[in-house]
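Reader: I'm new to this one. Could you walk me through it?

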Amino acid sequence: MRILGIETSCDETGIAIYDDEKGILANYLYSQSNIHSNYGGVVPELASRDHIRKTIPLIQAALKKAHLTGKDLNGVAYTAGPGLVGSLLVGATIGLALAFAWGLPAIPVHHMEGHLLAPMLENNPPSFPFIALLVSGGHTQLISVTEIGKYEMLGESIDDAVGEAFDKIAKLLGLNYPGGPLLSKIAQKGKTGRFFFPRPMINRPGLDFSFSGLKTFAANTIRNNIVDSQTRADIACAFEDAIVDTLAIKCRRALEQKGFKYLVIAGGVSANVKLRSHLKNMMIQRGGKIFYARPEFCTDNGAMITYAGMVRLKNNIHSSLKISVHPRWPLANLSEV
Ligand code: KG4
Ligand code: ZN
């Protein structure tokens, strides 16, 4: 069975073809970061317009790479939400039009389920049940996963998402958008211990997060210091440590609460090297196991959409050809498979 996947929820056009026996046959990603970096964040109208330019040529390239035509596919999966409404509409309209033209089922995919299932594309996929930490530019969530489609929200950010906090502090440090990976890179040269940032909400019970106070603390530190390149690295390091520690404490709490042994981390921030190694050590000490995808499957991509689409199509879940997207779409509302 082969599926074409279309991801256009934000500022990346991701197109992939997945074969359930052979794996990923083609995977193309076009990032609009150059377009948005002048503005320090994603400009929705520019994002939709660029998806219009890139989606069809990338689908053609993917079919060519896989030596396939539309007739060789079994379904078209597209991201139906959550995300920017204009961007979502581009992918949904193209996906549904192709499904109509090729006589195939169309599968609307939840972007965060795509992220959550991305580690399933790796050689050593996670087994159920597990705690999932979803950390992206728009979401910070802890979820209990007992099966695909059975998602219980344990906690989430009450304000900024982790990725958003990374990007905002990176911007104050003079780094380009999206700043998360760049901040992480300069943090490697930072001296641990010169600055210490708070670990928000760790003394309160529960599994929710808040990053706006930490962000303000970091912003004040930047304002109150002469920020030469070493100071920049030291601040980046202290900021990253505070985020990693906070996430680790809440992951541990969620694992204890549920009595689970497996942790899955997914979403753009799960590409963060310090987060991966810190949580890996924590899981080794706990006698458990951590699962994450290769870095290019952590950030937005089409491959994760094909996988989630494949699982749903195999369970006979697909949509009518009516164009409908969900800019806000709680993960826990998804149907079980
Ligand atoms: O999942 P994603 O690609 O898009 C959304 O669904 O939001 O996540 C993007 C976010 C951005 O905020 C980006 O700065 C952050 O993930 N990110 C990172 C790293 N790589 C991506 N943050 C910290 N360290 C990284 N290595
Ligand atoms: Zn994403």
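Reader: In what order do the strands of the open sheet come?

Author: First, this is a predicted model, where local features need pLDDT of at least 70, side-chain atom pairs count only at pLDDT 80 or more, and totals for chains, interfaces and linings use all residues. Residues are numbered from 1 along each chain as its sequence is written, chains are lettered from A and ligands numbered from 1 in written order, and side-chain values use heavy atoms, leaving out hydrogens and water. Strands are DSSP E runs of at least two residues, helices H or I runs of at least four, numbered from the N terminus, and two strands pair if DSSP finds at least two bridges between them. With mixed pairing, the five strands go β3-β2-β1-β4-β5.

Reader: Which strands stand at the edges?

Author: Look for a single partner strand, which leaves one side without a neighbour in the sheet.

Reader: Which residue in β5 does Y78 stand opposite?

Author: Strand β4 (residues 75-81) runs parallel to β5, joined by five bridges. Opposite Y78 there is P108.

Reader: Which residues are the protein donors of the zinc ion (ligand 2)?

Author: Donors are N, O and S atoms within 2.8 Å of the metal (3.2 Å for Na, K and Ca), and with water not among the atoms, sites may look incomplete. Their spacing in sequence is H-x3-H-x184-D. At 2.0 Å from the zinc lie H111 (NE2), H115 (NE2) and D300 (OD).

Reader: Why are H111 and H115 separated by about one helical turn?

Author: Both sit in helix α4 (residues 111-117).
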